[in-house]
Amino acid sequence: MLLAHVALPVPMAHTFSYEIPARLAGRTRQGARVLCSFGSRRLVGVVVTAGEGEPPPKVKALLDVLDDEPALTDELLAFLRDLSAYYLAPIGEVMRLALPPIERAVARALEDSLFETKKGISARRVQTVAPTEKLEESALGGQAGAILAHVRAVGETSLVDLEGRWKSARAAVKKLTQLGLVTTGSREVQADSFFAAPAPRDSPPELTPPQAIAVEAIATALAAPSSGGTFALHGVTGSGKTEVYLRAIVAARQQKKGSIVLVPEIALTPQLVSRFRARFGDDVAVLHSGLLPRERLVMWKRLRAGELDVAIGARSALFAPVRNLGLIVVDEEHDPSFKQEEGIRYHARDMAILRAHRAAGVCILGSATPSLETEHLSRSGKATKLVLPDRARAQPMPAVEIVDLRRMGPGPTGDKRISLPLHRALEKTLAAREQAILFLNRRGFSPAVRCEACGELCSCPSCSVALTFHKRHGERLRCHYCDFETLLPDNCVKCKSPALALEGLGTEKLEETLATAFPEAKVARLDRDVASGRTVDAVLGRMRAREIDILVGTQMVTKGHDLPHVTLVGVINADAALSLPDFRAAERAFHLLVQVAGRAGRGDVPGRVLIQTYTPEHPAIVHALRHDVNAFLERELVDRRELGYPPFSRVGLIRVDHPDEATAREACAMLANVAREAAEAASREGPGRVAILGPAPAPLARLRQRFRFRVMLRSSDRAMLRRTLLAVERARGQVERTVRTAIDIDPVQLL
DNA sequence: AGCACGCCGACT
DNA sequence: GTCGGCGTGCTC
């Protein structure tokens, strides 16, 4: 019988076999999308293989074939199969990552079975929900309460988004509207700003000698008969990495090959895009989250047809259907946003290496502060290091100073975290009519509320993490992990004592303290509580217009664009980033310090950076102080190797050994997500000890005992865990579980 | 993941 | 009497 093995978008590891009816025999090819009857549903799947074979006991026939030319090329199909095998992710869901939004005609043919796409394609306006200043009279339970907390946390959001998160969001929003707690409205889906203005063409600048060497090496690799290779491009901001990317794309074109450029989420700015458009005109597909399904489909089709040969986008652009793929660039490869943490978990940097490798293409990993993984690739000979040492535009490095909080007392505010040196530096900056940025990685007023009588911390009932006190919006305690919210209680929940103390310093309090201490200065705050999405640019705009003297903020302040009048950058507490429960804490802190330091001083005005810390001897601080990236990498690699952390660890999984291989495979596939979470946490806390963060269903308690470890869960994983538990339970006595040290991915294994 | 089937509680 | 909650099992 002629059979098609089809990957369907269901969370199951295997493909499903369908009979190919004679009328579809010619068009049913590998990579083509097909319409299948599946249970009572109709689904669109992808043909993974097709051919003569033994039919399974139950076979249905394919209903239709959607493509004359297969939607997925052999190259993309093979890559997706590799990705699925590597991450133990269901093949059908992986395929879906690379499929275009379904055309209107097809959607109609599918009737109401694909409501998602119908909804998406017709949405020109979206309904929005925004919080009001009004406070509820009594605590709201259930979905209404959760939705209210969410809307307050993220600001104006779309109803569609809320419906995706909560089943009866529409009803709850109606109720909240009646109570006056939220308002609803609608807005145009934002138009594509990237192509609003025509970009003036530029002419390629002269290359610096190091740039020329880098371009030469990449072009040679692209042109070689058995081409390919991975390059680690190491260069500070302003050293001209982008010019190397542009030349590499040109070199790929000369070989009739297409390119993909991956950038971190926040880096996909009009400035960056116009840089590419200036060189290549409008022959560039910009894939971003603001694209309507219709526009996304147009981009997808033009790439698939070979009309466009360059795709730029965040993480998901990795799956762009670029023809004859020859080059993948990962810019700012150390950025954590390349790691997809929800749904199908993958690391776009690692997968970029894999896809380029399998396509016999070139992968460029660019960064000023390379990840340990990339550095390890270079050192083990699996990537070629290219260094751009010169700053194309010579800028003086800012003077970085340490404020040792063990020795330095508080300034006039009396708050230890605004030390005397920092206070004086702020005074000086203000006197010179310059601007300051203060970085503090904790939003809210106080990160913890403690009972002074019994020592109990107010913590989240479902996440057991400390609740943060927010002063604005009515003195509330909020969980920064799950958005749980409650009013500040009058008494300790445990001992009923009224002696509750606000501990620690958040951006909200810092802003307030500074506003009092410097009444003549304009102090503003930039964090997720005051700025959602587009409003970040508004705050940065006010900063550029010098309407703000001191800007206090979280991570967000490190990512902004040019702020030429900032001459002082203060890091309030470098130890906060260093003590995060994450084996990458030192690495992230180092990136952060180098990045934030880069904010100070531009052009002729020398900048000044003050880093406040209790651990001035920490390598991340010492090396950030000297701008010495290589020394930091060297040191951190040694530590990682000793501890067996990535990039030296092997991929580990919760292994299920079972005499029946199919059962074992199924259990493994189901465990994959949990394994990944457990793995990360295990690497932080040591094998076998993983924290529970998140509401735990009753079966979890049993799982904990049986596996002798605890699992960190996000709500979406709970259903899967329940199933897993069942599968394990069923095979009780025959299943042997081994929990190896299960950690991150080692990209070295891919090559 | 959906979706059907099925079995128990509070409403017209 | 039935509407609707979610537990259980299945999908070529």
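Student: Which strand gives the most to the surface near DNA strand C?

Tutor: This is a predicted model, where local features need pLDDT of at least 70, side-chain atom pairs count only at pLDDT 80 or more, and totals for chains, interfaces and linings use all residues. Residues are numbered from 1 along each chain as its sequence is written, chains are lettered from A and ligands numbered from 1 in the order in which they are written, and side-chain values use heavy atoms, leaving out hydrogens and water. A residue is near a strand if one of its heavy atoms lies within 4 Å of it, and strands are DSSP runs (E, at least two residues) numbered from the N terminus, while helices are H or I runs of at least four. Strand 3 (33-38) and helix 24 (718-730) each supply at least two residues, but the top contributor, with three residues, is strand 2.

Student: Thanks! How many residues of that surface are charged?

Tutor: Asp, Glu, Lys and Arg count as charged, Ala, Val, Leu, Ile, Met, Phe, Trp, Tyr, Cys and Pro as nonpolar, and the others, Gly among them, as polar. In total, 13 residues surround DNA strand C, with Lys58 and Lys60 among the closest. Six are nonpolar and three polar, and the charged ones number four.

Student: Which residue has a polar side-chain atom 3.0 Å from a phosphate oxygen of DNA strand C?

Tutor: A polar contact is a pair of N or O atoms within 3.5 Å. Serine 37 uses a polar backbone atom, 3.3 Å from a phosphate oxygen, and lysine 60 uses a polar backbone atom, 2.9 Å from a sugar or linking oxygen. The side-chain atom you asked about belongs to lysine 58.

Conventions:
Polar contact = N/O pair within 3.5 Å; in protein donor to acceptor, adjacent residues only side chain to side chain.
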